[in-house]
Every structure is written in C-alpha cells, then in structure tokens.
Amino acid sequence: MGRIYHRANAHGIFISASGYSPSGVTAAKEALVKNALLVMFDLEEFVKVIDGEIDFKNYLRDKIKSAIIEKEPYKRMI
C-alpha cells in the first residue's frame, strides 16, 4: 500500500484471504483523501468473479464508485 499511498493519482486493487485490519482500512481511506484510489476485495468476492457469479467490470465499477463517492474502499456488495 505504501507505493500507492505516496503517489498522487495512483490506483490499486488489494485482495485479502483474511480480511483487513481496522488500521488498514483507515489507511486506505486516508489514501483516498490524497487522490490515490484503493479498492479492497475479500478473496470470496474475487472467487465469485472468477467463477462467473459476478460480472467483474460492473462489480469493480461499483466498488470504485463506493471508494470515490462514499470514501469506502472496503465495501462488500455481495
């Protein structure tokens, strides 16, 4: 996250098999304020994308909107 956090207008997708700590989510929210775009996925979400249960393009678009508009980089929508 450090590489993205310190670069203006940088973007990143994070996938975690064990969730995120509250401090990790807070750091991602702070990065959003500095114009870095971070989107956080759980492994379960990504598996559903791979299995074809979720359309990745639309799901990613919704997660990006949540990150930008609501300042919620880690919002589960399934």
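**A first look**

Tutor: Of the 78 residues in the protein, 32% are buried. Keep in mind that this is a predicted model.

Student: How many helices and strands are there?
Tutor: The protein has four helices and two strands. Along the sequence they follow the pattern α-β-α-β-α-α.

Student: What about contacts across the chain? What share join residues at least 24 apart?
Tutor: Take the contacts between residues at least 6 apart in sequence. Of these, 63% join residues at least 24 apart.

Student: Now the inside. Which residues make up the largest nonpolar core?
Tutor: Nine residues do: Leu-32, Leu-37, Val-39, Phe-41, Val-49, Ile-54, Tyr-59, Leu-60 and Ala-67.

Student: Where does the charged end of Lys-63 sit?
Tutor: Over the ring of Phe-41, 4.9 Å from the ring's centre.

Student: Rings next. How many aromatic pairs are there?
Tutor: The count is five. One of them joins Phe-41 and Tyr-59, and it is tilted. The centres are 6.0 Å apart, with 50° between the planes.

Student: Where in the chain are those two?
Tutor: Phe-41 is in strand S2 and Tyr-59 is in helix H4, 18 residues apart. So this pair links distant parts of the chain.

Student: Are they buried or exposed?
Tutor: Both Phe-41 and Tyr-59 are buried.

Student: And what kind of pair do Phe-46 and Phe-56 form?
Tutor: An edge-to-face one, 6.0 Å centre to centre with 80° between the planes. Phe-46 belongs to helix H3, residues 43–50, and Phe-56 to helix H4. They are ten residues apart.

Student: Why are Phe-46 and Phe-56 not counted as buried?
Tutor: Buried means under 20% relative accessible area. Phe-46 has 22%, so it counts as partly exposed. Phe-56 has 30%, so it is partly exposed too.

Student: Which residues do ring pairs link into a cluster?
Tutor: Phe-41, Phe-46, Phe-56 and Tyr-59.

How values were computed. Residues numbered from 1 in each chain as written. Predicted model: local features only at pLDDT ≥ 70, side-chain atom pairs only at ≥ 80, totals over all residues. Heavy atoms only, no water. Core = buried A, V, L, I, M, F, W, Y, C linked by side-chain atoms within 4.5 Å. Buried < 20%, exposed > 50% of the residue type's maximum accessible area, 1.4 Å probe, protein only. Phe/Tyr/Trp six-rings, centres within 6.5 Å; stacked < 30°, edge-to-face > 60°. Lys NZ or Arg CZ within 6 Å of the ring centre and 35° of its normal. Contact = heavy atoms within 4.5 Å.
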